[in-house]
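Work through the exercises below with the sequence and the structure open beside you. Try each task before you read its solution.

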Amino acid sequence: MNKAVKYATNGAVIFGLGNAAINIFQQLSNQNAGQKFDWINLLKSFGTGALVGGTGGFAIGLIRDNKMSKVIASVGNVSKYLNRTLNYYKDDNTLLLEKAEKVRKKLDSKFNKELANYPNLNGSITKDTSIYGSDIDIQIPFKRDFGSIENVYYTVSDFIFDEFQDTKLVGIREQKHSIGLEFNIGNEIKRIDVIPLRQIDNNSGDTYLYVNNTGFFEKPTYKKTNYLKQLKKMQFSTKEKKIVRLLKVWKVENNLKLKSIHIEFLVKKAFEKKQIPYGIEKCLLETINFLAENIMFIKIIDPANTNNIISNSLTYKEKESISEFCYKMIENITQDERNIIDYFPSLESKILNF
């Protein structure tokens with residue numbers, strides 16, 4: 001009776017105070033000279049409102065409790081619900097990877113003599129931390145003497161807009177760091193981002209990445225990156241991959257402003273700092289608790305570029321809001337484990353509508 005009690009309490013308070021406020025307004029509006037304020041009448045109004053609101057809230061909460069119990073019972077337990085949620089958000093990226101290989105070959109064929117290396121695949125799909133709808137990155141590194149990074153970016157952009165052909169291609173757009181391609185694969189729109197890079201020197205693997213700022217007062221710039229350094233830091237265990245994917249689902253389902261790379265680094269930090277328990281439910285809550293305690297203060301530096309502070313992608317207020325959200329989530333689930341459904345609701349809809 002988790003929701004029933006909660007909704008009944010909230011309903012009693014809201015309707016009780018609301019009805020009392022109406023009574024006060026009516027008494028003051030209709031009061032004759034010398035007539036005293038009727039406190040008994042006010043208390044009766046509050047009681048009537050509280051009774052109506054509490055009864056209604058209890059009924060609605062009871063329905064919600066029964067639905068949550070039905071959902072958990074249908075899958076077995078909370079841990080199985082979370083695993084089923086991961087399966088619900090799982091995507092078969094076989095065709096997308098095949099398409100990415102063809103795009104890589106076309107880029108290499110066009111720019112072979114100017115490239116420092118063969119175009120490489122990057123992103124959550126290659127790290128096995130992707131959920132449904134994730135795109136794939138193709139990084140295309142040019143030699144140091146090719147020209148400016150701006151020239152590199154627009155050379156690749158011009159080729160894609162003017163010469164690149166594919167029967168499945170349905171859209172092209174210039175983005176902040178990349179040129180985005182959209183393909184119709186299996187009647188779904190899948191995305192591949194082509195990221196032009198230029199070597200800084202011939203040995204370290206450091207490259208420049210174009211920053212195509214599109215704001216009216218913003219000027220384009222560039223920043224340093226090194227995908228090999230990032231890749232070395234972003235090696236995940238099976239348990240870490242599962243929690244990363246689950247938190248990405250959590251981000252989507254709760255409309256949280258967290259970059260995927262921020263989530264990945266936070267999970268890495270959580271597993272380094274704490275003894276993470278076994279079992280997906282306990283593991284998730286321990287990681288959420290780490291976020292609650294640390295997201296406002298922990299500094300996450302991009303290993304590919306020490307000037308790029310990944311944790312600065314959120315303002316202090318945004319971090320504070322996420323921390324409070326995490327604490328509230330832990331409190332609600334500790335009170336009743338069925339409340340996990342409130343934070344991963346998509347599977348519930350599928351089960352109840354089946």
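**Exercise 1.** Which element supplies the largest share of the lining of the second largest pocket?

*Solution.* Before starting, note that this is a predicted model, in which local features need pLDDT of at least 70 and side-chain atom pairs count only at pLDDT 80 or more, while totals for chains, interfaces and linings use all residues. Residues are numbered from 1 along each chain as its sequence is written, and side-chain values use heavy atoms, with hydrogens and water left out.

The largest share, three residues, comes from α3, where helices (H or I, at least four residues) and strands (E, at least two) are DSSP runs numbered from the N terminus. Both α3 and α8 supply at least two residues of this lining. The second largest pocket has a volume of about 270 Å³, a volume being the space filled by probe spheres set on grid points that are joined across faces, edges and corners. A pocket is here an open set of points on a 1 Å grid over the protein atoms alone, where a 1.4 Å probe fits, with protein on both sides within 12 Å along at least five of seven lines, and lining residues have an atom within 4 Å of a point. Of the 13 residues that line the second largest pocket, the closest to its centre are Lys90, Asp91, Asp128, Ser130 and Arg245.

**Exercise 2.** Describe how helix α3 and helix α8 are placed against each other.

*Solution.* Two packed helices are described by the angle between their axes and the distance between the axes. The axes of α3 (residues 78–88) and α8 (residues 238–253) come within 10 Å and cross at roughly 75 degrees; axes are lines fitted to C-alpha atoms, for helices over the stretch in contact, and angles run from 0 to 180 degrees between N-to-C directions.

Next, list the contact, which means heavy atoms within 4.5 Å: α3 contributes Leu82, Asn83, Thr85 and Leu86, and α8 contributes Lys242, Arg245, Leu246 and Val249.

**Exercise 3.** Is Lys248 buried or exposed, and which residues does Lys248 touch beyond its neighbours within four places in sequence?

*Solution.* Begin with the location: Lys248 lies in helix α8. Its relative accessibility is 4%, so Lys248 counts as buried, the cut-offs being under 20% relative accessible area for buried, over 50% for exposed and partly exposed in between (1.4 Å probe, protein chains only). Leaving aside its neighbours within four places in sequence, Lys248 is in contact with Ser124, Thr129, Ile131, Ser260, Ile263 and Glu264. Finally, the C-alpha atoms of Lys248 and Leu258, which are 10 residues apart along the chain, are separated by 8.7 Å.
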